[in-house]
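Let's take a quick tour of this model, starting with its charged pairs and ending with one of its helices.

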Amino acid sequence: MQVSLAQTRQPAARVTTSKEYVTILFGIWLIGGIFIDGFAHNHGVVETFFTPWHAILYSGFLASAVWMGWLLLQSRHASGLPWTAAAPVGYGLGLVGVFIFLLGGLGDMYWHTVFGIEQNIAALLSPTHLILLLGALLILSSPFRASWHNAAVTKPDWRTFAPAFLSLVVTTGAVSFFLMYAWMFRYNLPAESTILWYNYQIGGGGLLDDMNKTRGISYILIDTIVYMFPVFLLMKRWTLPAGTMTALFTLVSVMMNVLDGFQNYPSIFVALGAGLVGDILYRVLRAGEGRALAERVIAAAVPIALWGFYFAWMTISDSIGWETEFWAGAIVEATLLSMGLQLLASKHAYASHQPPPARG
C-alpha cells in the first residue's frame, strides 16, 4: 500500500522555549528603536528619514524578519507542508506582519521625502506609521500567540511563561506608544500647577476648565484599558506566576517614561503599587483556581489602586486642581470600565448561561 504525501506530512512545528527567547530579544530590539525614535521626535532632533534612531528600529525589524524566516524554513523542512501552511504555531500572522512592516517602511521613506518629517501627534497619526504599528504588533505578539495555542501549558513557571509574557508586554508597549498623546502620566491634567499653567498660557475660563477635565477623564479611561486588558487576557488563559501584574504594569510604565527622559518617574511606582495590589489579591483570593468572583474583585480593585495612588501622589507632590466630584468620579468610571472589560474577556462570562446538554 502506498502512503500519500499528505499522510507523510507532519503538523507545523512548535517553536521551542529557547527559540522563543531569541524572538523576544529581537522584538525588544525593535521596540527599543521605536521608543528611542519617539524620544527623538518629542525633543525635535529628527531631521531626515536616515537617522540613528531609524537605524536601530529598522535593524531590529531586519533581525526579527530574518529570524522568523529561518523558523519558517526549519518548519517547512520538518513538516513537508507548503510555504503557506508551514509557519510555526503562532507565527503565521507574525510573518504577515513582516511584509506589512516592510511595506510601511518603504512607504514611510517615501512619505518623509515628499511631505517632510512629522512632529508631535502628527507623527503618531501618519498613515505609514500606523502601517508600521500594525506590522510590529503582529511580529511582537507571535510568542504570545504560540503560547496561547499550547494546550499543554496552563500553570507555567516563569521560565516557560516569560516569552508569552514579554511578548504581551512589548505589544502593549507598542500600543501605549501610539497612544502617548492620551497618557495621563505625561500631562498630569488634574494637577493644580498644570491648570495654573494652562490658565496663564491661554487664559482662564469655564470652557478651558471643562476641556481640561473631560480630556483628563478620557485619558484615565483609555489608560485603564491599556493596563487592564492584558491582565484579563492573561487570567483567561493561564494560572499566573507570582508578580505577573506588578511586572506588567512596571515594565509598560518604564517604557512610556523613556519618551520624556524619565521626567515623570513617580508614575513607575504608582503602576508598581497597583500591580502589587493585583498580585496580592490574585494569591489571597485564589483567582488562579478559576474563581470568577475573585477575578471580578481584581478587575475592580486594581484601577481603584492605580488611580487612587496617582491622585494620592498628586496630593503630596502638588495638589489636585479638580473638584472632588471629578477626580473621585474618574476613579469610579475607570473601575466600572475595567469590570465591564473583565466580563467581556472572562472565560466565566457566559458560563451560567450555557444551554443544557442535549438528552439522547
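How many salt bridges does the structure hold? It holds four, a salt bridge being a side-chain nitrogen of Lys or Arg within 4 Å of a carboxyl oxygen of Asp or Glu.

## Ground rules

This is a predicted model, where local features need pLDDT of at least 70, side-chain atom pairs count only at pLDDT 80 or more, and totals for chains, interfaces and linings use all residues. Residues are numbered from 1 along each chain as its sequence is written, and side-chain values use heavy atoms, with hydrogens and water left out.

## Charged pairs

Take Arg 186 and Asp 260: their closest N and O atoms are 2.6 Å apart. Arg 186 sits in helix H9 (residues 184-187) and Asp 260 in the loop between H12 and H13, so this pair ties together parts that are 74 residues apart in sequence. Helices here are DSSP runs of H or I with at least four residues, numbered from the N terminus.

Glu 323 pairs with Lys 213, also with 2.6 Å between the closest N and O atoms. Lys 213 is buried at 3% relative accessible area, while Glu 323 is partly exposed at 39%. Buried means under 20%, exposed over 50%, and partly exposed in between (1.4 Å probe, protein chains only).

## Helix H15

H15 (residues 324-345) has 22 residues. Its buried residues include Ala 330, Ile 331 and Leu 341. The face turned away from the buried side carries the exposed residues Glu 325, Leu 336 and Leu 344.

Technical notes
Helices (H or I, at least four residues) and strands (E, at least two) are DSSP runs, numbered from the N terminus. The expected span of a helix is 1.5 Å times one less than its number of residues.
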